[in-house]
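Please look at the sequence and the model shown below, and keep both in view while reading.

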Amino acid sequence: MQNLCQWAIWRVLLWSTLTHASRPTFEWKDPHTQEKLLCEKCPPGKSMAKPCTLDKRTECKPCATEHYTQYWNYLDRCLYCSVRCSTLEVEVVPCNRTHNRVCECKPGYHAESLFCIKHSKCPPGSGVVEPGNPREDTQCSVCPEGSFSSNHSSKDPCQTHQNCSAQGLRVNVPGTLFHDAYCTSCRADKGSEEGSGTGDCLEAALDFVPFQLKSPRRLRRLYRKLTQTAPGTEKKKPIEELQVDLHSYLLQLKNLHGKEEAWDKVQVALTKLKLERILQNVLRRFTNCNKRKFPLCEEFAQLQTTLNFWESESI
C-alpha cells in the first residue's frame with residue numbers, strides 16, 4: 001500500500017511539473033537589474049498586467065467586455081472585437097474574452113471574395129445535387145433520364161417522371177428533362193362508358209396543346225393572346241421554358257374558369273392566330289364524333305370545312 005501511495009504522489013508531482021513546464025514563456029529583461037528572465041505568458045482571455053521578476057511570476061488580468069486574446073500572450077492590453085456582421089451575415093460566434101466575433105453569410109448566400117453572394121439557381125432541365133451553404137454555392141447537375149426539373153431553383157432536385165401505365169392511364173405528353181409526363185384516361189377510339197369522359201378529354205387537350213408548338217415565336221404569340229399582354233413585355237426564354245409557362249397558365253385558366261371555358265379560350269386563340277392545324281391535330285386526337293357526342297364535334301366539322309376551303313383556294 002505504501003508503494004502504491006508513493007507512486008500516486010510521484011505521478012501527481014510529475015504531472016504538475018510537466019504542466020508548469022509546458023506553459024509558454026517569453027524573454028524579458030528586468031529594467032532594474034538588467035537581468036534576462038524567462039517569464040510565463042498570459043493565457044487566452046487575459047493580457048499581461050506586470051511581467052515577472054526574480055521573485056514574482058507574471059501578473060495577468062482578464063479582458064474587458066468586447067475585448068479578447070485568443071492565444072497565450074504577453075500583450076499589455078487585450079484586442080478589441082473589431083468584426084461586425086454585415087446585413088447579409090449572421091453572427092455564429094459572439095465576441096467573448098477568448099475569441100473575436102465570427103460571422104457567416106446568412107441562409108441563401110455564400111462567401112465569395114469576401115462578399116456574400118446569393119446562391120445560384122439550377123436552370124430548368126437541371127436539379128440541385130448539393131444545396132448551397134455559407135461557404136459554397138449551389139451544385140447543379142443535368143437531370144438523368146426519366147426525371148425532370150421545370151423551374152429555376154436553388155433547392156429542388158430533379159423529380160422522377162410519373163408512371164402513367166402504373167396508374168392505369170396512357171401517356172398523353174411524354175416527359176422530358178424540362179417537364180413531367182402527362183397522363184390521361186381519354187381515348188378517342190373508346191366510348192365514354194369505357195372510361196373516356198368528356199372532362200378527361202378536355203383536360204388532356206389542355207395538357208397537349210403547349211407541347212405541340214415548336215416555334216418560340218408562336219408560343220409567345222399564343223401566350224400573349226391568352227394573357228392579353230403587350231408584345232415585348234415578356235423575357236426571352238428557351239422554347240422548353242415557354243412551353244412550361246404556357247402549360248402552367250392553362251392550368252390556372254382551367255382551375256379558375258373550368259375545363260370547358262378554358263378550352264373555348266384556347267380554341268379561339270388558336271383560330272385567331274391561324275394555328276388551325278394544331279387545333280385539328282388536337283381534335284383528331286381527343287374526339288370521336290362518329291361514335292359519341294363531344295362538345296367539340298360541331299367545331300371540328302366547321303373547322304374541317306374551313307380548312308378544305310382554304311386548301312381548294314390555294315390550288
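Leu114 is placed in the loop between strand E9 (109-112) and strand E10 (115-118); helices (H or I, at least four residues) and strands (E, at least two) are DSSP runs, numbered from the N terminus. Although Leu114 is not a glycine, its phi is positive, at about 70°. Most residues other than glycine have a negative phi. Leu114 counts as exposed, with 89% relative accessibility. Here buried means under 20% relative accessible area, exposed over 50%, and partly exposed in between (1.4 Å probe, protein chains only). Lys274 also has a positive phi, of about 60°, without being a glycine. Lys274 belongs to the loop between H5 and helix H6 (276-286) and is exposed, with a relative accessible area of 69%.

The model is predicted: local features need pLDDT of at least 70 and side-chain atom pairs count only at pLDDT 80 or more, whereas totals for chains, interfaces and linings use all residues. Residues are numbered from 1 along each chain as its sequence is written, and side-chain values use heavy atoms, with hydrogens and water left out.

The loop between strand E11 (126-130) and strand E12 (139-142) contains Thr138. Is Thr138 buried or exposed? Thr138 is buried, because its relative accessible area is 10%. Apart from neighbours within four places in sequence, Thr138 is in contact (heavy atoms within 4.5 Å) with several residues, among them His119, Cys122, Val128 and Ser154. A polar atom of the Thr138 side chain lies 2.9 Å from the backbone oxygen of Ser120.

Asn133 is also located in the loop between E11 and E12. With 22% relative accessibility, Asn133 counts as partly exposed. The side chain of Asn133 reaches the backbone nitrogen of Arg135 at 2.7 Å. Asn133 and Tyr109 are 24 residues apart in sequence, yet their C-alpha atoms are 7.0 Å apart in space. When residues up to four places away in sequence are not counted, Asn133 touches Tyr109, His110 and His119.

Helix H3 (residues 216-227) has twelve residues and spans 16 Å from its first C-alpha to its last, close to the 16 Å expected at 1.5 Å a residue. The buried residues of H3 are Leu219, Arg220, Leu222, Arg224, Leu226 and Thr227. What covers them includes H4 and helix H5 (259-272). Just after H3, Gln228 has a positive phi of about 60°.

Helix H4 (residues 239-257) has 19 residues and reaches 27 Å between its first and last C-alpha, close to the 27 Å expected at 1.5 Å a residue. Among the buried residues of H4 are Leu242, Leu246, Tyr249 and Leu253. An α-helix has 3.6 residues a turn, so residues three or four places apart point the same way. Just after H4, Gly258 takes a positive phi of about 95°.

Overall, the protein chain has seven helices and 16 strands, and 33% of its 315 residues count as buried.

Note on methods: The expected span of a helix is 1.5 Å times one less than its number of residues. A polar contact is a pair of N or O atoms within 3.5 Å; within protein, one must be able to donate a hydrogen and the other to accept it, and residues adjacent in sequence count only if both atoms are side-chain atoms.
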